[in-house]
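Welcome! Take a moment to look over the model below, and then we will walk through it together.

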Amino acid sequence: MSTLAERLEAVHASVADAARDAGRDPSSVTTIVITKFHPASLVSELAALGVRDVGENRHQEAAAKAAEVADGRLRWHFVGQLQGNKAAAALEYATAVHSVDRASLVSALAKAARPVDVFLQLNLTDDPGRGGVRPDGLLELAERVLAVPGLALRGLMAVAPLDEEPRAAFARVRAASDELRTLAPGATDLSMGMSGDFREAIAEGATHLRIGTAITGNRPERG
Ligand SMILES: *Cc1c(COP(=O)(O)O)cnc(C)c1O
């Protein structure tokens, strides 16, 4: 059994290797540790080990954990599907929302009292249930975000489909990012790559990895 510190160290080393292999500076890649289903104590342990970026995918759980940890050094990233009526509450702890995929959510986030980093989630499948905007709706959604002064459009987020080579899927995100930047030159970030595919994501230009189990260990069962 490895310790949390050992797993964190091993992932940092693999991320740095993958970045160098891709001819990139390892410091251009931010690792967000996804702590969903794990207790607040694990987040505190991660913070003590130097982690500054953590991610959650359910509002209720995230809100409770952020309140319990109450560590001002941490940046909380919201990476799951977000209901419009929870958007304002999520922004009480989250500094970034990676899963913006529809105009109604943009309107809900627009009411935030402070600036928010926005990633547009791109759906790489034909299944609307997976979340994300369809590629043909991306630019229209980006225009909506750009129209709101408090929303900082950082770039794109995606999850590789189960039935496609991750590298090919991430190449599609990179191509969409090229298109997005004709409209929003500052939207250069790419939130992609999880425990099983972060090397491929780095090769395709990922700037924000969302890594759970490779660092935290298996998630506790959740009913
Ligand atoms: C859970 C989750 C992750 C992390 O997945 P792992 O396979 O545990 O690394 C990344 N992104 C999102 C959106 C998630 O929900």
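How far is an oxygen atom of the ligand from a polar backbone atom of Gly212? The distance is 2.8 Å. Keep in mind as you read on that this is a predicted model. The protein covers 87% of the 390 Å² of accessible area that the ligand has on its own.

Let's stay with the ligand for a while. In Lys36, an N or O atom of the side chain lies 2.7 Å from an oxygen atom of the ligand. In Arg210, a side-chain N or O atom is found 2.9 Å from a nitrogen atom of the ligand. And where does the ligand sit? The space it takes up is the largest pocket.

Now step back and view the whole chain. You can trace nine helices and eight strands along the protein chain. Along the principal axes, its C-alpha atoms fill a box of roughly 50 × 40 × 30 Å. The radius of gyration is 17 Å, and this agrees with a compact globule, because a globule of 223 residues would have a value near 17 Å.

Finally, let's visit two loops, where the backbone has something to show us. The loop between strand S1 (30-34) and helix H2 (40-48) contains Phe37. Although Phe37 is not a glycine, its phi is positive, at about 70 degrees.

Terms used
Residues are numbered from 1 along each chain as its sequence is written. This is a predicted model: local features need pLDDT of at least 70, side-chain atom pairs count only at pLDDT 80 or more; totals for chains, interfaces and linings use all residues. Side-chain values use heavy atoms; hydrogens and water are left out. A polar contact is a pair of N or O atoms within 3.5 Å; within protein, one must be able to donate a hydrogen and the other to accept it, and residues adjacent in sequence count only if both atoms are side-chain atoms. Accessible areas come from the Shrake-Rupley method with a 1.4 Å probe; for residues, only the protein chains shown count as cover. On a 1 Å grid over the protein atoms alone, a cavity is a set of points where a 1.4 Å probe fits but cannot get out, and a pocket is an open set with protein on both sides within 12 Å along at least five of seven lines; lining residues have an atom within 4 Å of a point. A molecule sits in a cavity or pocket if more than half of its atoms lie within 2 Å of its grid points. Helices (H or I, at least four residues) and strands (E, at least two) are DSSP runs, numbered from the N terminus. The radius of gyration is taken over C-alpha atoms; the globule rule is 2.2 Å times the number of residues to the power 0.38.
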